[in-house]
Amino acid sequence: SAFSTSSSAYAPHNVKNITVFGSGLMGAGIVQVAAQNAFNVTMVDLNPEALKKGQDIIASSLKRVAKKQFPEDAAQQKTFIDKTMAQIKTSTDSEAASKDADLIIEAIVENLKTKQQLFSMLDKVAPEHTLFCSNTSSLPIGEIAKATKRTDRFGGLHFFNPVPQMKLVEVIRTEETSQDSFDSLMEVCTRMKKTPVSCKDTPGFIVNRLLVPYMMESLRIVERGEATPQDVDVAMKLGAGFPMGPFELADFVGLDTMKFIVDGWRKEGKIDDNLVAPVKLLDDLVAQGNFGRKSGQGFYPYNGVGGKK
Ligand code: NAI
């Protein structure tokens, strides 16, 4: 009808095939969750070694999920794992891997130029109807979308780490994302058994916009000598009901990642500078290579498997 909201003739109403670019921590998680929920998934990375890493992440996570879903039933666990793995193809050929995609989810390195290059290329080889989205945490979706001619079929799907466990997905619509594309993205999240929330294309979207300034203020409390990281963590867990304190969370996210995000936001100048003013304590730890869990030392020491010492 004349009042139809389906302004884009292309956006698919029934996404079946998903191609995920990047088989790192996030990409592998997204691939797993999509495969567990019956999507046909292709996982793409630059080389076979990176793909192997992604497959290993998926295999060990699936084992945990299977044990939880079918305790004491080894046969059912195996069926579940085999069925999920059968939904996943891998590829290093970006062009071939996008030919059948209804939806492309990008989870490669957090670099605007690199993401734009990838999408500019994909725009030329992927079918017209294919929806594009980025899992970026800190870059504007609209800036990435600019590299394509399908800004109406472009949005953000922001998953959280660890993807198989975290229920939330932030669905980001830019000024140009069509209603059809947005509806499709929301539907995909629901079919992945996630809970989507929608947000405009703003720095940090919802979760990080609130979390990052809070974490920076925690650092300032410690820097001013008002409390120790341990006391702040205990306080926020037992006094505010948070599952992790801000220092445990910072170590989990990665101190380098945190610094990257606040530096970027300051440079963009789109949010109140005071909220993300530099903190020497953070800059020093990053300069020393103490990134948190992944490097073995952040605010807390970690052993090889990422558990606290
Ligand atoms: P990662 O470093 O673990 O994985 C990135 C992967 O992308 C690597 O395997 C790399 O080889 C691959 N890659 C790089 N360029 C590529 C290209 N042109 N084509 C195909 N593959 C390519 O990174 P991670 O942590 O998984 O993050 C990926 C994205 O997800 C980033 O945009 C990040 O902002 C976002 N994100 C990260 C979260 C986190 O907690 N780590 C949370 C939410 C979003």
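Trainee: How far is an oxygen atom of the ligand from an N or O atom in the side chain of D45?
Mentor: This is a predicted model, in which local features need pLDDT of at least 70 and side-chain atom pairs count only at pLDDT 80 or more, while totals for chains, interfaces and linings use all residues. Residues are numbered from 1 along each chain as its sequence is written, and side-chain values use heavy atoms, leaving out hydrogens and water. A polar contact with the ligand is a pair of N or O atoms within 3.5 Å, and for D45 the distance is 2.7 Å.

Trainee: What share of the ligand's accessible area does the protein cover?
Mentor: Ligand oxygen atoms also lie 2.5 Å from a polar side-chain atom of E110 and 3.0 Å from an N or O atom in the side chain of N135. Of the 840 Å² that the ligand has on its own, by the Shrake-Rupley method with a 1.4 Å probe, the protein covers 75%.

Trainee: Which elements give two or more residues to the shell around the ligand?
Mentor: The ligand is surrounded by 16 residues, each with a heavy atom within 4 Å of it. Helices (H or I, at least four residues) and strands (E, at least two) are DSSP runs numbered from the N terminus, and the elements asked for are α1 (25-36) and β6.

Terms used
A polar contact is a pair of N or O atoms within 3.5 Å; within protein, one must be able to donate a hydrogen and the other to accept it, and residues adjacent in sequence count only if both atoms are side-chain atoms.
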